[in-house]
Structures are given as C-alpha cells and as structure tokens.
Amino acid sequence: MKLKPADLHPLMQDYLHELHVLRQLSAHTLKAYGMDLSDLQNFAQDDSVDLLKVTNAHVRRWAGRLHSKEKSSRTIARALSAWRGWYDWLTEKNARRDAQTGKVSAQLAANPVDDVKAPKRLKSLPKALSVEQALALVNQAVKEADEKKDLESIRDAAIVDLLYSSGLRLSELLGIDVMQSKDRQHESAGWLDWDAAEVTVLGKGGKRRSVPVGAPAMKSLMEWRSIRDASANANTESIALFLSANGKRLSPRTVQARLRTLAIRAGLPTHVHPHMMRHSFASHVLQSSQDLRAVQEMLGHASIASTQIYTSLDFQHLAQAYDKAHPRAKAGKA
C-alpha cells in the first residue's frame, strides 16, 4: 500500500521540512522527493528492514525492483538521488549528535546509497525518413513548384531540396544570404557560392563549415533566386536567401509549417520536421559511402561520437533489407 506523506517516517518529514524552509525547494520538487522517500519506506517495510539499518545491498535490490517495474532510468536516478540526500542529511545529523555525546553510531557511519547508480539511459535513435520517403517529399515540393509557379511553392522546393541535399540545421538554413556580405551593418552568417555549388554556414560553437550542394538542389535554388530577385522589395533584410511574402527573412515556424504540409500532401506516414531531413541526409549518405568522418564534417559535429548514432540507423536499414530480401531471413520464426 502506497504511503501518504503524513505516514512518512518522522525523520523523513523533518528532512522535507528542512528542504522547504532552508533550501526553499518548490512544492513540485518536494512532492517528488516525498514520493521517492515513500517508495524507500515501502521497500524497507516489505523486507522488514529498519530504515536506519539499510545497507548498500538493500538499496541495490530496491533499485532493481524499480527497474523491473519498467521505471525509466531517469525516474530511478531521481529516486536514488532523493534516498542519497536523506541518508546524507541523516548521517550529518547523527554525526553532530555524536560529537555532543561522544558516542559513535555504526548504523549511520556511511550512506547506504553511495556507489549505487541508475541504469544507463538508452539513447533514442533520431527519426529519419527512408530514401523513398525523402525522395517523395522532395518530388512533391518540386511538383508543386512546377504546377503553381508562385513565390512560396518555388521557395519551398528550394528549401526542401537544400535541407536534404546538404543536411543543414534549420538555423543554418535561415542564416544563409544570397552572397557573402561583411560591412558595418551586416555580416553574413552563411552564404551560397553559386559557381562552386557549395553552401557555407555558421554552426554550433560559432564554427563555419562548407558543404556541397547537389545539382538538383542547385537547380531549385537558381529557380528560386530568379523569382526572388524579381519580387524582393527594398528591405534591410533583402540580402537573406529565403524571404517571406513581405520580403523579410523567413521564420523557423514558417519553414516547419510548410514542411509539415508538404509531407502530408506527399502521403508520408510520420510528422516531418526540418531536423528529420538532416537525420535523413546523414543516414542516407552513410548508407551509400560508409565514410563516417566525411559525414561528421558535413554535419559539423565536433565529436565523432555524435555522428556514430547514424551507424545504428544504418544497421536498422540493413536489417530491414535483409528481412525483406534474404530467402532464409525468417526461417525458424513463428
């Protein structure tokens, strides 16, 4: 039976009161601590263990029970932190009493939660489109641009093509200027080299990198530049590559909304956002090239470890292809 806060051990209630008064923790945090301490007390009661005689082995066993109840590693880590905090407080409190009485309390000489760690959090894999889905999205954008021939459709085709072609972050994409500019009023964060078919962007940590742009994407970009230059008004931000209908630099929300709409029209079964295009670019280039270092450089990752997650996506792709194609892939499966 789950304990109520009022049923907590008096020393637990004293601890929570001290956290409230001295550390001024929020009501939400105190409630979470109370629930975690309640779990600790329940475990101790279930195993007939005195809370003041809990050992490291007990704590490990109870952390295992939380794990068996399919509690997340984050939840288990929070519980262990709450337990550790209470026993730290209790040990210090008892140590002060010992100094006054001259007695040593062996039962609280050490914190039983020390060296007990929560299970590692599993890294969630980034969501990426399949090659077929990515091409369907790009083709949908290009098709609408060819049919409608309006500013927004042609711009959207260039954006989708560039996102998938070069694996840019949304902030990097929106920071691109038609050409490099550096004066007192404005310094370009990014720009396109139209002759070299290359885009230079300002990534995380203020690091610049240059990434190739594929021929189909360059074609879409040139079509956009032509209509953009003809319609751009006299605006201080008209140097921006991607503009809204009123001549302002395009906002992130507009790109997100337009991409989501295009994905629905393309019949894609998942919510598509700009960063998914970056994941798709990385996964598909890695599948084709197997060159992790090159993908790292194109993505602008400071560490190869950040890029290695795409090897998992690559393995998933290979496993799915094997299951579909190999005549004995499903042999022995029910």
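Hi everyone. Before anything else, one cut-off: I'll call a residue buried when its relative accessible area is under 20%, exposed when it is over 50%, and partly exposed in between. Please also keep in mind that this is a predicted model.

With a relative accessible area of 5%, it is under 20%, so arginine 228 counts as buried. Which residue does the side chain of arginine 228 meet in a salt bridge? The partner is aspartate 229, at 2.7 Å from N to O. Aspartate 229 itself is partly exposed, because its relative accessible area is 42%.

Aspartate 229 also forms a salt bridge with arginine 225, and there the closest N and O atoms are 3.6 Å apart. If you look along helix H8, which covers residues 215-231, you'll find both aspartate 229 and arginine 225 in it. They sit four residues apart, or about one turn of the helix. Arginine 225 comes out at 23% relative accessibility, so we call it partly exposed.

Now let's move to another part of the model. Arginine 258 and glutamate 152 form a salt bridge, with 3.3 Å between the closest N and O atoms. Why does this pair tie together parts that are 106 residues apart in sequence? Because arginine 258 belongs to helix H9, residues 252-265, while glutamate 152 belongs to helix H6, residues 151-166.

Are these two buried or partly exposed? Arginine 258 is partly exposed at 27% relative accessible area, and glutamate 152 is partly exposed too, at 32%. For the overall tally, a search of the whole structure turns up 14 salt bridges.

Let me finish with the sheet. It is an open sheet of four strands, ordered E1-E2-E3-E4, and the pairing is mixed. The edges are taken by strand E1, residues 176-177, and strand E4, residues 208-212. Each of these has a single partner strand, so one side of each is left without a neighbour in the sheet.

How is E1 joined to strand E2? Two bridges do it, and the strands run parallel, with E2 covering residues 190-193. If you'd like to find one of those contacts on your screen, look for aspartate 177, whose bridge partner in E2 is tryptophan 191.

Conventions:
Residues numbered from 1 in each chain as written. Predicted model: local features only at pLDDT ≥ 70, side-chain atom pairs only at ≥ 80, totals over all residues. Heavy atoms only, no water. Salt bridge = Lys/Arg side-chain N within 4 Å of Asp/Glu carboxyl O. Buried < 20%, exposed > 50% of the residue type's maximum accessible area, 1.4 Å probe, protein only. Pairing = 2+ DSSP bridges.
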